[in-house]
Amino acid sequence: MKIAVASGKGGTGKTTVAAGLAAMLAETGAGVAYVDCDVEEPNGHLFLCPEIGETVPAITTYPVVDAAKCVSCGKCRDICQYRAIVMIMDKPMVFPEMCHSCGGCVLVCPAGAVTEEKREIGVVETGTARIPGAPGEIGFLHGRLHVGQILSPPLIRRVKTGIPDEGAVIMDCPPGTSCPAVTSMRGADYVLLVTEPTPFGLNDLRLAVETVRELRLPFGVFINRADIGTQDTERYCTRHAIPVLGRIPDDRQVAEAYSRGALLETLLPLYGEALRDAWRGMERETASRAKAG
């Protein structure tokens with residue numbers, strides 16, 4: 001079962017919940033993989049402390065134009081939906097950082113002037129994390145986007161090719177509702193939206209709900225710092241028939257452990273049951289949908 005842990009905004013505790021779920025499953029002896037799709041700022045490794053066994057460059061392509069062959073027809077510019085190619089003085093100029101590597105410009109060029117070259121946009125690292133005293137281990141996978149690269153979806157897709165076919169998979173998605181978050185959530189069996197009961201949290205939760213519904217993915221909500229703010233988030237979920245699968249209060253002990261990089265040592269003893277309840281809720285939801293066809 002692939003679970004995407006997402007949020008409409010940063011700072012809601014998404015990685016807290018994602019890492020906690022992975023560690024909780026390892027404590028039960030279940031096979032589990034943690035996949036950090038937030039390639040621009042991965043931080044799950046700070047809490048799971050994996051041993052990295054392999055680092056592989058992530059390669060993509062970008063167009064190169066042979067000026068001697070170019071006939072200035074502009075077809076490469078016209079097909080590019082991301083404005084990675086523009087025409088200046090009837091000559092194409094390429095912006096590699098904006099290219100999505102679709103290959104359309106190569107196909108439409110009538111003179112064969114456009115070819116593709118490779119470039120490294122980041123790395124993919126795999127390894128294993130172990131929780132002290134836990135019978136199971138956590139397969140670990142994340143990507144690191146190189147400084148100066150502005151497109152993370154190609155690297156996210158590369159990271160997701162390493163997701164195991166069996167066992168539980170926890171995908172820690174980038175915050176927000178833009179292309180990186182959507183790319184990360186695609187293919188998930190269930191999306192767990194982590195939020196906080198504040199006006200900002202509720203506003204961005206609404207955006208996340210609209211996004212997940214557009215993707216036609218089943219989802220539920222996990223409320224972090226549940227005892228602050230107002231009850232508006234709870235009322236919103238009730239009004240729209242959105243299951244609230246878990247709650248963690250605003251606990252100074254958890255915040256202090258987070259700041260030391262010792263989150264799981266404090267989170268699991270205090271709130272492991274909340275994470276187990278959330279996992280059982282997601283299992284019920286996915287089983288029910290599978291049965292309904």
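Arginine 225 is partly exposed, with a relative accessible area of 22% (partly exposed lies between buried, under 20%, and exposed, over 50%, for a 1.4 Å probe and protein chains only). The model is a predicted one, in which local features need pLDDT of at least 70 and side-chain atom pairs count only at pLDDT 80 or more, while totals for chains, interfaces and linings use all residues. Residues are numbered from 1 along each chain as its sequence is written, and side-chain values use heavy atoms, with hydrogens and water left out.

The side chain of arginine 225 forms a salt bridge with that of glutamate 196 (2.5 Å, N to O); the term requires a side-chain nitrogen of Lys or Arg within 4 Å of a carboxyl oxygen of Asp or Glu. Glutamate 196 sits in the loop between strand 9 and helix 7, and arginine 225 in the loop between strand 10 (219-224) and helix 8 (232-239), so the pair ties together parts 29 residues apart in sequence. Helices (H or I, at least four residues) and strands (E, at least two) are DSSP runs, numbered from the N terminus. Glutamate 196 is buried, at a relative accessible area of 8%, and its side chain also meets that of lysine 9 in a salt bridge (3.2 Å, N to O). Lysine 9 is buried as well.

A further salt bridge links glutamate 273 and arginine 276 (3.1 Å, N to O). Both residues lie in helix 10, 3 residues apart, about one turn of the helix. Salt bridges that share partners join Glu273, Arg276, Asp277 and Arg280 into one network. Across the whole structure, the search finds 12 salt bridges.
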